[in-house]
Amino acid sequence: MEPTASCLAASDAIAPHAAPFENVSATPQAAPVPTANTPRLPTASRRTVPDAERNGPCSDPESATRPGRRRTTLGTEWSRIFAWRGRRGWGARLAPALPTPARTPFTFCYAVVLLATGLFILWGDPGAVHGALEGSSSDASNLAHRPLFALVTSGIWVAGGLTSPSIALFPFVLGALERRVGAWRTAAVFALGHVLATLFTELPVAAAVASGHLPPSSLDRLDYGISYGLLASLAALAGLLVRKARWAVLVSLGAVLALDLIELADPLTNWGHVLAVLIGLACWSPLRSRSTRHPEQR
């Protein structure tokens with residue numbers, strides 16, 4: 001490349017006054033050490049410095065008008081879109097939300113139990129599965145004979161097994177609640193929703209059978225699952241979220257409950273879901289006073 005006119009003029013002006021081999025030290029000068037007050041150029045700016053600034057005024061004249069470029073390939077662009085293992089990929093974002101034995105012990109242990117019972121429903125003998133569900137059902141008949149056993153064991157099953165949406169929502173909802181309020185308060189909210197909603201729906205059935213308004217077969221209906229406790233926990237979690245997320249959760253819950261009440265496929269269960277959500281909303285005040293501040297709320 002031919003030097004430019006400005007470069008030649010600068011070299012001619014400097015050459016007569018330069019004394020060769022005068023005051024030249026053989027020891028190379030050490031580069032100045034940057035201090036805390038020395039401004040540093042950001043990493044992104046250092047990578048895109050134009051050629052004219054790096055090589056001085058004697059470089060290619062066209063480089064002064066050419067912007068800095070960053071090499072990108074189809075592979076890098078594809079990895080940015082589907083960065084499952086990347087720093088900002090969906091896999092990395094969902095991983096902290098999953099329950100762990102150290103951070104969310106209640107949610108983790110409960111999820112393991114639900115997975116075991118779901119596998120038993122899927123692969124177990126149909127007769128044994130039906131007998132186990134009947135024995136742990138929280139219907140009015142079991143509540144009259146063994147109330148504590150029925151209330152506890154009815155919450156270790158998932159209605160619909162492993163294909164139910166409840167088992168997919170369970171680790172994220174209870175895990176998020178447990179990270180904010182702790183294991184004991186999360187267990188208390190889930191137990192309140194499960195127990196109170198069950199009693200408020202099954203005791204009226206027993207009263208209706210005793211008064212003759214319902215047949216005696218209504219006392220032995222299968223009643224099990226985690227939906228009451230899960231909905232109570234989700235409603236309680238909504239009170240700890242930021243305003244936009246809170247209203248999104250509440251509107252979604254209201255829409256689902258409204259559709260269930262319109263269809264009214266299972267009146268007792270549908271009204272039990274409404275009661276569970278109201279129980280979760282009633283937990284807002286005590287949970288807010290005990291919850292830890294989350295980065296989203298700052």
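Five aromatic pairs are present in the structure, which is a predicted model.

Me: At what angle do the planes of Phe120 and Trp157 lie, and is the pair stacked, edge-to-face or tilted?
Reply: The ring centres of Phe120 and Trp157 are 6.1 Å apart, and their planes lie at 50°. Planes under 30 degrees apart count as stacked and those over 60 as edge-to-face, so the pair of Phe120 and Trp157 is tilted.

Me: Which parts of the chain does the pair of Phe120 and Trp157 link?
Reply: Phe120 belongs to helix H6 (residues 105–123), and the pair links distant parts of the chain, 37 residues apart. Trp157, for its part, is found in the loop between helix H9 (147–153) and helix H10 (165–181).

Me: Is Trp157 buried or exposed?
Reply: The relative accessible area of Trp157 is 7%, and buried means under 20%. Whereas Phe120, with 32%, is partly exposed, Trp157 is buried.

Me: What kind of aromatic pair do Phe170 and Phe190 form?
Reply: Phe170 lies in helix H10 and Phe190 in helix H11, 20 residues apart. Phe170 is buried at a relative accessible area of 1%, and Phe190 also counts as buried, at 4%. Their rings are 6.2 Å apart, centre to centre, with 90° between the planes, and the pair is edge-to-face.

Me: Which residues do ring pairs link into a cluster?
Reply: Phe170 and Phe190 form an aromatic pair, and both belong to a cluster linked by ring pairs. The members of this cluster are Phe106, Tyr110, Phe170 and Phe190.

Me: Why does the pair of Glu202 and Arg221 tie together parts that are apart in sequence, and by how many residues?
Reply: Glu202 lies in helix H11 (residues 183–211), while Arg221 lies in the loop between H11 and helix H12 (227–238). The pair therefore ties together parts whose separation in sequence is 19 residues.

Me: Over which ring does the charged end of Arg246 sit?
Reply: A charge sits over a ring if, among other conditions, CZ of Arg is within 6 Å of the ring centre. The charged end of Arg246 is 5.9 Å from the centre of the ring in question, that of Trp284.

Technical notes: Residues are numbered from 1 along each chain as its sequence is written. This is a predicted model: local features need pLDDT of at least 70, side-chain atom pairs count only at pLDDT 80 or more; totals for chains, interfaces and linings use all residues. Side-chain values use heavy atoms; hydrogens and water are left out. Helices (H or I, at least four residues) and strands (E, at least two) are DSSP runs, numbered from the N terminus. Rings of Phe, Tyr and Trp (its six-membered ring) pair if their centres lie within 6.5 Å; planes under 30 degrees apart count as stacked, over 60 as edge-to-face and the rest as tilted. Buried means under 20% relative accessible area, exposed over 50%, partly exposed in between (1.4 Å probe, protein chains only). A charge sits over a ring if NZ of Lys or CZ of Arg is within 6 Å of the ring centre and within 35 degrees of the ring normal.
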